[in-house]
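Student: I have a model open and would like to go through some of its packing details. Could we look at it together?
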Amino acid sequence: MEWKLKASDLKRYPHFDQVLKPAEIIALVTDPLRVAQNTFFPLLRYTKGWQPFRPDEESGKPRPKPKDRPIRYAARRDAYIFAYYRHLLSIPYEAELARLGISHCPVAYRRIPTEGDARRGKCNIQFAREAFDRIRGHGDCCAIAVDISSYFESLDHERLRALWCRLLGVDRLPKDHFAVFKNITRYRVVERVEAYKRLGFYGVKSATKNGKPINGYLVPYSDVPTQLCSPHVFRQKILGENGEYESLVLPNTKAHGIPQGAPISDLLANLYLIDFDVEMNALASSLGGSYVRYSDDILLILPVAVDQAEQIMADLPARIRAYGDELVIKPSKSSLVQYTQGDQSQSCKLIAGKGRNGLEYLGFRFDGRDVFLRDATMSNLYRKVANVARNQAEATVKRYVGKTHDELCEAFNFEQFSKRFGRVEGFEPNSSNKTWTFWTYVVRAADEFGPAGKKIMGQVRRLKRRSRARVSDEIGRALQRRMKSDVGEIDLS
């Protein structure tokens, strides 16, 4: 299977290297000698943080702690190399899955054709539907769902190297493959904001009344150059070679961990647990059930008694630890749900962990009868609604000076507002369709789940009602702030 470089694959984000033309990219990645000799740049890293939206008045639970996720991305030339070697490894990986009879087990990051439409790959919606269909098919069964903590950061390098050699059928990695392996395991990172500060793109823009500095971009972000600096400046200001500047490079000195988000990392994460997949598939099959893994999400559906399911769940941490000392199952994200077949439909009961209203899997919740968007997905959306409503309400009040609250609500662009918060992180399908939003996602999900998915549309209708109410409230608050500001200006005059 030939590797094709599409126009959408070309990368133009700011980084340390220069932009390459397609012919130059192909010449680089397909030349093993050049790959072996390539000097890989450090990855740029920034942290994406968010506050889960679950205040006391909504659920009676304490407000959860803020969350953050490190985002690391490679220089363009390095990303192209990673992508090409992902392609090279994917061919023997798929062959090995087929040989072992487990092609149906690891489902993330692979193009698995949809039944009846080979051109369209399955996404999490189909995988969730298939899991819920299996639960229905068993009638009486137990579903065990567990999550591996910081999975990508926990992959043991030596085990990964051995598996890489196994795919290639060699005892020692060729020099080009070793260069890729070395730079995806012993990777280096530079904090993006620190690099931008050092290069003069980011810094103190102003100060508060108390004299506290306010940092920001010193140039419009669109004016940040695609190649952040020359090789000479990179060595001087980023690497700190001449001693004038302290190096900004932070190496991964651990014997485990790969950067999530690099173009080859997803395949390596799938490959890493290939023997665990064999073990779990054999266990599930011996009990008449099924096993599937979506990256770090593990699901077992077993037609067994609760006590047997509890023992299997209790054994999972030790089973997974056999594949790496750093592999740990998150107790807070684990659950055991019992399903019992009634006269008309199934009922569910939480035996252990989370999921009192049914099994949560790949963004959905199943209570034995109906499918819902999972609670955390709705919480994330309410959080986005609150943030975007506040900002856009302020902009609306500034734009339409002198209008009343009702007139401002009428003038508010709710369609644009919906698009702003309408993406659900982590649940877009594997598609290059840039028009995909939460709303198209919901319609497709409701259609995919059929009658069982009708409650999803009810959740969305409630979200839209609450969104409009939040917009109205934020416009009222913005008007009050404007009135106070106007009074203050009059007093000063």
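Student: Is Tyr46 buried, partly exposed or exposed?
Tutor: Tyr46 is partly exposed, because its relative accessible area is 28%; buried means under 20%, exposed over 50%, and partly exposed in between, with a 1.4 Å probe and protein chains only. Please note that this is a predicted model, in which local features need pLDDT of at least 70, side-chain atom pairs count only at pLDDT 80 or more, and totals for chains, interfaces and linings use all residues. Residues are numbered from 1 along each chain as its sequence is written, and side-chain values use heavy atoms, with hydrogens and water left out.

Student: And Tyr73, buried or exposed?
Tutor: Tyr73 counts as buried, at 15% relative accessibility.

Student: How are the rings of Tyr46 and Tyr73 arranged?
Tutor: Their centres are 6.3 Å apart and their planes stand at 70°, so the pair is edge-to-face. Rings of Phe, Tyr and Trp (its six-membered ring) pair if their centres lie within 6.5 Å; planes under 30 degrees apart count as stacked, over 60 as edge-to-face and the rest as tilted. Tyr46 lies in strand β1 and Tyr73 in strand β2 (residues 67–73), 27 residues apart. Strands (E, at least two residues) and helices (H or I, at least four) are DSSP runs, numbered from the N terminus.

Student: How many aromatic pairs does the structure hold?
Tutor: It holds 24 aromatic pairs. One of the pairs is Phe41 with Phe234, edge-to-face because the ring centres are 5.1 Å apart and the planes are at 75°. This pair links distant parts of the chain, with Phe41 in the loop between α2 and β1 and Phe234 in helix α9, 193 residues apart.

Student: Which residues do ring pairs link into a cluster?
Tutor: The cluster consists of Phe132, Tyr339, Phe364, Phe366, Tyr441 and Phe449.

Student: Turning to Leu373, what is it in contact with?
Tutor: Leaving aside neighbours within four places in sequence, the contacts of Leu373 include Phe364, Tyr441, Met378 and Ile456, where contact means heavy atoms within 4.5 Å. Leu373 belongs to strand β16 (residues 371–373) and is buried, with a relative accessible area of 0%.

Student: At what angle do α4 and α10 pack?
Tutor: Helix α4 (residues 76–100) and helix α10 (residues 265–272) pack at about 25°, with axes 10 Å apart. Axes are lines fitted to C-alpha atoms, for helices over the stretch in contact, and angles run from 0 to 180 degrees between N-to-C directions. The contact involves Arg86, Leu89, Ser90 and Tyr93 of α4 and Asp266, Leu267, Leu268, Asn270 and Leu271 of α10.
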